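Here is a short report on one protein model.

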Amino acid sequence: VGHLSCGNLRFKLENLEKLKYDNVECANQAIDINAECSEIAILANAEYDHQIDYMEVCGNDTKQIVEISTTSWQCTPVLGDTVMWTGIGAIQAYGQIIKDPGERRLFGKIYKLPNVVQVKYIILPNNPNFHIFAMSVR
């Protein structure tokens, strides 16, 4: 288990074995949270240009729509996010993991909720260009 930290952003990352997925391609997945929180931090990047979209933060009787965004993995931050990692990226093509030439980045960003709420789950956007590597609630 490892950690990525920068300022007040902190993400816990599990050790990955060869050929296991390291991120979620956003496709309207529901992510169980079941915690009281006022902020959600996301470690993400985008393929094919910068991405701005929305996630649904769902509580017992509430639903909040929160705008989320991330910069393209090939660029320096342009959407108020923070570079959390820089290195060699990889893509999955033809059933293989292939190193992607050039420097790639992961970005962190904190999304503040209007007040402290009991969050049951989050519904991710339907956006295959938006990739989430970790999420943290507090």
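## Loops, bridges and cores

N28 sits in the loop between β3 (24–27) and β4. Strands here, like helices, are DSSP runs numbered from the N terminus (strands: E, at least two residues; helices: H or I, at least four). The model is predicted: local features need pLDDT of at least 70 and side-chain atom pairs pLDDT 80 or more, while totals for chains, interfaces and linings use all residues. Residues are numbered from 1 along each chain as its sequence is written, and side-chain values use heavy atoms, without hydrogens and water.

**Positive phi.** Most residues other than glycine have a negative phi. N28 has a positive phi, near 60°. At 44% relative accessibility, N28 is partly exposed; the class lies between buried (under 20% relative accessible area) and exposed (over 50%), with a 1.4 Å probe and protein chains only. D49 is not a glycine either, yet its phi is positive, about 90°. D49 lies in the loop between β4 and β5 and is partly exposed at 49%.

**The β7–β8 hairpin.** Strand β7 (residues 82–93) pairs with strand β8 (residues 96–123) in the antiparallel sense, over 11 bridges. Pairing requires at least two DSSP bridges between two strands. Two residues separate β7 and β8 in this hairpin, and Y94 in the turn has a positive phi of about 55°. Y94 is exposed, with a relative accessible area of 81%. Together with I91 and I98, Y94 forms a nonpolar surface patch of about 340 Å² accessible area. Such a patch joins nonpolar side chains (Val, Leu, Ile, Met, Phe, Trp, Tyr) within 5 Å, from residues with over 30% relative accessible area and no salt bridge; like charges are joined within 9 Å. The areas come from the Shrake-Rupley method with a 1.4 Å probe, and for residues only the protein chains shown count as cover.

**Salt bridges.** How many salt bridges does the structure hold? It holds five. Each is a side-chain nitrogen of Lys or Arg within 4 Å of a carboxyl oxygen of Asp or Glu. Among them are these:

| Pair | Closest N to O distance |
|---|---|
| K112 and E39 | 2.4 Å |
| R104 and D100 | 3.0 Å |

K112 lies in β8 and E39 in β4 (residues 30–46), so their bridge ties together parts 73 residues apart in sequence. K112 is exposed at 62%, whereas E39 is buried at 15%. R138 is partly exposed at 37%. In the R104–D100 pair, R104 is buried at 8% and D100 is buried at 14%. Shared partners join E39, K112 and R138 into one network.

**Nonpolar cores.** A core is a set of buried Ala, Val, Leu, Ile, Met, Phe, Trp, Tyr and Cys residues joined through side-chain atoms within 4.5 Å. The largest has 18 residues, and I40, I42, M55, L113 and V119 touch the most other members. β4, β5 (51–58), β6 (63–70), β8 and β9 each give two or more residues to this core. Beyond four places in sequence, I40 has contacts (heavy atoms within 4.5 Å) including M55, V57, L113, I122 and M135. A second, separate core of eight residues includes L9, F11, M84 and L106.
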